[in-house]
Amino acid sequence: MAEAKILWVDDEIELLKPHILFLKGKGYEVESCNNGFDAVEMARSTHYDLIILDEMMPGMTGLETLPLIKEVRPLTPVIMVTKSEEENIMDKAVGSKIADYLIKPVNPNQVLLSIKKNVHQQQLITEQTTADYRSQFASISNSLSGAKTFADWCAIYRRLTGWEIELTESKDESIREVLTYQKKEAGEAFGKFVKRNYLTWINSRGEETPTMSHTLMRSRIFPVVERSRKTTLLLIDNFRYDQWRAIASLVAGHYDVAQEDFYCSILPTATQYARNAIFAGLMPLAIDKLMPDRWLNDNEEGGKNMYEEEFLRRQIKSAGYGWQTTFDKLVRPEAGRKLIDNIARVYDADFSVIVYNFLDILSHARTENEIMRELTEDEAAFRSLTRSWFEHSDLFTLLRMLSERGHTVIITSDHGTVRVENPIKVQGDRETSPNLRYKTGRNLNYNPKEVFEINRPAEAQLPQSNLTSSYIFALGRDFFTYPNNANQYIRYYKDTFQHGGISMEEMIVPYIVLTPKQ
């Protein structure tokens with residue numbers, strides 16, 4: 001562990017020589033002085049990793065010295081040491097942003113622990129986290145072969161995402177490579193699992209059939225609305241579990257997490273299919289048959305998600321509920337501010353739905369804008385940007401306002417996104433859909449071993465634009481590319497966030513129920 005340079009300020013510094021010798025024996029470089037005036041000058045001329053400051057000194061007290069030190073060294077952690085246990089002194093010290101507070105008499109190990117906590121904390125956490133992950137590696141690998149249900153895969157995804165977040169700050173490149181390998185291994189196994197089970201899930205309601213897009217409202221959301229006085233559903237397009245983890249600590253100041261779970265997005269994991277299925281409570285083929293003028297196939301011109309509110313109201317009515325409902329889709333920044341200005345209508349509703357499209361816009365902007373691509377070069381950067389956006393967004397303002405009015409809030413998405421890396425060649429005609437993670441059309445030419453193919457779309461409850469149309473889905477981190485201008489196409493889309501195919505990130509969708517803090 002790297003040495004640290006410490007300044008210890010105490011008017012009785014001579015009595016603390018044994019403590020200083022103890023710290024030097026642990027490898028620390030310790031300098032000292034006996035008054036606040038010298039402490040400020042020493043801090044001005046020398047960089048210290050940490051300062052230990054006595055509170056009760058003649059001339060200038062520790063509390064008077066502290067802000068002067070913070071002026072010249074605002075980032076240096078300061079440990080306050082005092083004989084007093086008066087609460088007002090503790091409050092002043094903590095309010096002045098001290099790093100720790102120790103009551104005299106202090107023992108050497110107590111001081112050492114505080115130093116480790118404030119100087120070496122990140123290093124110690126990283127080392128312990130790395131060791132913990134190494135010890136869990138075999139357990140996670142074994143769980144991949146033992147996963148038999150969607151719930152099993154949710155547990156694996158939760159664990160892998162947790163380790164990815166924990167190891168974000170690790171300087172150990174090798175351990176991150178191990179995690180990347182394990183995530184790839186998990187992704188391949190999940191793809192095989194979906195290929196084996198997806199058509200069974202869609203066409204039956206067995207015990208192991210997960211909650212899916214078209215059953216989400218009736219099985220999960222409507223029961224919450226029934227139990228709660230007021231409920232708001234917040235559907236954030238492209239929202240992944242790791243992004244929920246990034247904002248959870250901000251939400252925690254206003255809500256308790258009553259439930260943190262997942263559901264399974266239908267295929268394709270694309271807004272046109274998954275979100276329409278959520279609000280209609282029907283698979284796309286059923287929507288097309290029952291309301292043919294409300295469904296557009298991929299090759300047809302026009303908006304593909306124009307009737308979500310109508311679908312929702314139809315589903316609520318068919319379920320026998322008479323709730324007062326509002327529906328808002330926020331695509332542009334001004335839409336959020338407008339909703340805040342008209343928040344009374346949301347307050348008055350029994351069940352309010354807010355669809356927020358920012359992350360979808362961000363994903364597309366990252367693909368098309370070089371600066372955005374640099375800002376979100378990987379999942380960790382994307383999480384960081386998500387948190388920064390959320391903290392200053394109208395959406396967070398809305399959540400705080402809803403908490404104050406006692407609304408239960410459900411946060412979920414229609415699908416997630418995955419960062420694509422591996423190009424897969426596909427040929428098709430002009431009618432073939434343009435999505436990078438799935439294709440639908442006739443005369444598709446591809447390697448069947450590289451995709452999940454559905455040659456009879458009706459078996460997957462999917463519509464088809466003509467009698468010979470089929471669907472194929474990319475697996476893991478693959479993306480589809482055409483042979484023409486392949487290199488240019490690959491350079492443009494490689495390492496971008498896409499959706500429509502089969503991956504844990506796209507299909508395992510977070511479902512969060514929040515209750516307002518009293």
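**Figure 1. The largest cavity.** The largest cavity has a volume of about 50 Å³. This is a predicted model, in which local features need pLDDT of at least 70 and side-chain atom pairs count only at pLDDT 80 or more, while totals for chains, interfaces and linings use all residues. Residues are numbered from 1 along each chain as its sequence is written, and side-chain values use heavy atoms, with hydrogens and water left out. A cavity is a set of points, on a 1 Å grid over the protein atoms alone, where a 1.4 Å probe fits but cannot get out; lining residues have an atom within 4 Å of a point. Grid points are joined across faces, edges and corners, and the volume is the space filled by probe spheres set on them. The lining consists of Asn-297, Asp-298, Asn-299, Glu-431, Thr-440, Gly-441, Pro-463, Gln-464, Ser-465 and Tyr-471. By class these are 2 nonpolar, 6 polar and 2 charged. Here Ala, Val, Leu, Ile, Met, Phe, Trp, Tyr, Cys and Pro count as nonpolar, Asp, Glu, Lys and Arg as charged, and the others, Gly among them, as polar.

**Figure 2. The second largest cavity.** Helices (H or I, at least four residues) and strands (E, at least two) are DSSP runs, numbered from the N terminus. Helix 19 supplies the largest share, 4 residues. The lining has 6 nonpolar, 1 polar and no charged residues.

**Figure 3. The largest pocket.** A pocket is an open set of grid points with protein on both sides within 12 Å along at least five of seven lines. The largest pocket has a volume of about 1,000 Å³. Its lining comprises 36 residues, with Thr-180, Lys-183, Lys-184, Glu-421 and Arg-477 nearest its centre. Helix 8 contributes the largest share of the lining, 12 residues. Helix 7 (150-166), helix 18 (379-391), strand 11 (418-419) and helix 21 (504-507) are among the elements that each supply at least two. The lining divides into 8 nonpolar, 8 polar and 20 charged residues.

**Figure 4. The largest nonpolar core around Trp-153.** A nonpolar core is a set of buried Ala, Val, Leu, Ile, Met, Phe, Trp, Tyr and Cys residues joined through side-chain atoms within 4.5 Å. Buried means under 20% relative accessible area, exposed over 50%, and partly exposed in between (1.4 Å probe, protein chains only). The largest core has 100 residues, and those with the most contacts inside it are Trp-153, Tyr-198, Phe-279 and Phe-351. Helix 8 (residues 173-203) gives the most to this core, with 9 residues. Contact means heavy atoms within 4.5 Å. Leaving aside neighbours within four places in sequence, Trp-153 is in contact with Leu-144, Ala-147, Ala-186, Ala-189, Phe-190, Phe-193, Met-504 and Ile-508.

**Figure 5. Helix 11 against helix 13.** Helix 11 (residues 271-280) and helix 13 (residues 308-318) pack at an angle of about 35°, and their axes are 7 Å apart. Axes are lines fitted to C-alpha atoms, for helices over the stretch in contact, and angles run from 0 to 180 degrees between N-to-C directions. On helix 11, Arg-275, Asn-276, Ile-278, Phe-279 and Ala-280 meet Glu-308, Phe-311, Leu-312 and Gln-315 of helix 13. The residues of this contact divide into 5 nonpolar, 2 polar and 2 charged.

**Figure 6. Ile-287 in helix 12.** Ile-287 is found in helix 12 (residues 284-290). This residue is buried, with a relative accessible area of 0%. Not counting residues up to four places away in sequence, Ile-287 touches Asn-276, Ala-277, Ala-280, Leu-282, Pro-292, Trp-295 and Phe-311.

**Figure 7. Two cis peptide bonds.** The bond from Lys-104 to Pro-105 is cis, with omega near -5°. Pro-105 lies in the loop between strand 5 (100-103) and helix 5 (108-119). Leu-267 and Pro-268 are also joined by a cis peptide bond, with omega about -10°. Pro-268 sits in the loop between strand 7 (255-264) and helix 11.
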